[in-house]
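Please look over the sequence and the model below.

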Amino acid sequence: MKSTIETAEEIKGTGDPWTDGGQLSYRQLIWRRFRKNRMGVIAGALLLLFYMLAISADFFAPYHYNEINMRLRHVPPQRLHFSVSDGFYVHGLKSVRNPESLELEFTKDMEQRHPVEFLFKDADGRRHLFSSAGPMFLLGTDRMGRDLFSRIMYGARVSMTIGLVGVFLSIVLGSILGTVSGYWGGWVDNLIQRIIEILSAFPDIPLWMALGAALPPGWSSIQIYFGITIILSIIRWGGLARQVRGKVLAYRESDFVMAARAAGAGHWHIITKHLLPGCYSHIIVIATLAIPGMILGETALSFLGLGIRPPMTSWGVLLEEAQRVTVLLHYPWLIFPAVPVLVVVIAFNFLGDALRDAADPYSD
Amino acid sequence: MRERYGLNAPLWKRYLIWISGFVRGNFGESFEYKREVDELIWDRIAFTLIISVGSLIFTYVIAIPLGIYSATHQYKWSDHFLTFLSFVGMSIPAFLLALSLMVFAFDIFGVPLFGLFSAYYEGAPWTWGKLGDLFKHLWIPVIVVGINGTASLMRIMRGNLLDVLGQPFVQTARAKGLKEIVVVGKHAVRIAINPLISILGMSLPGILSGSAIVSIVLGLPTVGPILLRSLLNEDIYLAGTLIMMLSLLLVIGNLLADIALAWVDPRIRYE
């Protein structure tokens, strides 16, 4: 562990002493320290990329997520080939009916080549980054012949934003109640802390399951989406409130708050101008570390059929199809949506860890 | 029908009736199974407990040595490797691990490791053979449920031990010429391990949650699957009782963890 003085010198040494020596704001300091953490930066960049892909899935995905091809059910992933004359292409599909299971099984048709076209224009006139006139399923299709690759990209929209919205809700709730609890103390503090203890004693998945099952069946996809985010954040605000309370308690008796109070500042002014800014870095770190939990929560709920409902799609909804081992043994590619879940969750964990190290003045 | 189950009364009255029955051990009747909830839940709760306690033991037995190793080899490649592994362990959803282990086991052994018993012992009376069979099936859920906790506990153990190792008394111990293994094992670990016991209570919700969802995937006869069924079928008395029972288990677990902490750490006892 290095001492703070050393760290400060290091920082001074990296930049122009005239412009930033000793004048860096706290935020700039955090940014500097964060940049040094390679894993954190990679994770952050990866997440940005994923969000970009998710937002513009209409363009990046080769097909629409609900494009059903009943004659192309459970097509295995097709290999992408390259030749100089044709560019990228995939082979066509031959279907054979399995005499035992009576299911159609697909094999490569070496004769046929479907070239991959870039900036492809589909029947509705929408542009895709790449697509093909013939069937091109890079990750195979599901039981309704929908392209898994496109569905994963569209699913990212729901899965990756549900964590953000949920965390935003719990930040709002957690900061307000945490500040109130720490600032006023007394019975208010006692009450809020007991509520947090009760909430944190619940096993979250069974409780989420119960709340998810309680969402009315008649709700539209959007309503369900927000219902799920509220369910997810209802349990998770407690931890944040605890941390904010701890910080507020520490700052409440500090000299600068005393000075503000002596100068006649109101409660609102003290809280928003003096107490909360000290908690920002903390809040951001906790929020980042809370997002993966929410993503996993949504995935688990949808996986059980209690979360997002079709036709809306999310990674959990996609994994629901892979729930049974017998299905998985026949169509192993259906487990593929697990990969982005893992990547995103690991990336968030690394990012949060890097941010925590950067925000902690005593870190090495 | 509605009359029989007392569903015509307003919500608060129904709740009062149910909760007053609950304290007296009358949990109501399941709509789906047409039996008293009481008959349905006990062995499921017992299996839930077995799996939870099993994974708790697994978690601590694996996480503490790994955490110590990681801390004493800070920034070596083995530490980096363990760190990465623990990140993966924290990130992997339990149900996914359960699914992949199942497929994996099916590939190797050629038999689905579904449920807690082989078909031969299912419904058979308890014998040593059945107990052995139970243990043969138990390891998958125990590992799967325990893995998330193991990963995070390992990180905590590592952090704690690193903090303790930086303290002056450790330096004194080293200066006295004690062997490194004595310094770490006898002086540092004892202090670093303390917070882990208070975490015991906090890790219980995670383990119960994990066991619920893993059981659903693996088809284990625990609380999880029946809870899911009852929720989907709006079998309210059954679902309510199960959630209540899970919460009770947690409260009891927390209490036990607190007692254990007071037992281990005299500073808490005398306050």
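What share of the 271 residues of chain B count as buried? In this predicted model, the figure is 37%.

Chain B is built from 11 helices and zero strands. Along the sequence its pattern reads α-α-α-α-α-α-α-α-α-α-α. Take the contacts in chain B with a separation of 6 or more: residues 24 or more positions apart account for 71% of them.

Helix α10 of chain B covers residues 236–264.

Several residues of α10(B) are buried, among them B:Tyr237, B:Leu238, B:Ile243, B:Met245 and B:Gly253. B:Ala239, B:Thr241, B:Leu242 and B:Leu246 are buried as well. What do the buried residues of α10(B) pack against? The partners come from both chains and are listed here.

| Helix | Chain | Residues |
|---|---|---|
| α8 | A | 204–214 |
| α1 | B | 11–23 |
| α2 | B | 37–72 |
| α8 | B | 194–218 |
| α9 | B | 223–232 |

Now the contact between the chains. It takes 27 residues from chain A and 31 residues from chain B. On the side of chain A that touches chain B, α8, α11 (267–303), α13 (325–330) and α14 (338–359) of chain A each supply at least two residues. α14(A) gives the most to that side, with seven residues. By class, the side of chain A that touches chain B has 24 nonpolar, two polar and one charged residues.

How values were computed
Residues are numbered from 1 along each chain as its sequence is written. Chains are lettered from A and ligands numbered from 1 in the order in which they are written. This is a predicted model: local features need pLDDT of at least 70, side-chain atom pairs count only at pLDDT 80 or more; totals for chains, interfaces and linings use all residues. Helices (H or I, at least four residues) and strands (E, at least two) are DSSP runs, numbered from the N terminus. The expected span of a helix is 1.5 Å times one less than its number of residues. A residue is buried if 20 or more other C-beta atoms lie within 10 Å of its own, exposed if 12 or fewer, and partly exposed in between; C-beta atoms are placed from the backbone. Two residues are in contact if their C-beta atoms, placed from the backbone, lie within 7 Å. Ala, Val, Leu, Ile, Met, Phe, Trp, Tyr, Cys and Pro count as nonpolar, Asp, Glu, Lys and Arg as charged, and the others, Gly among them, as polar.
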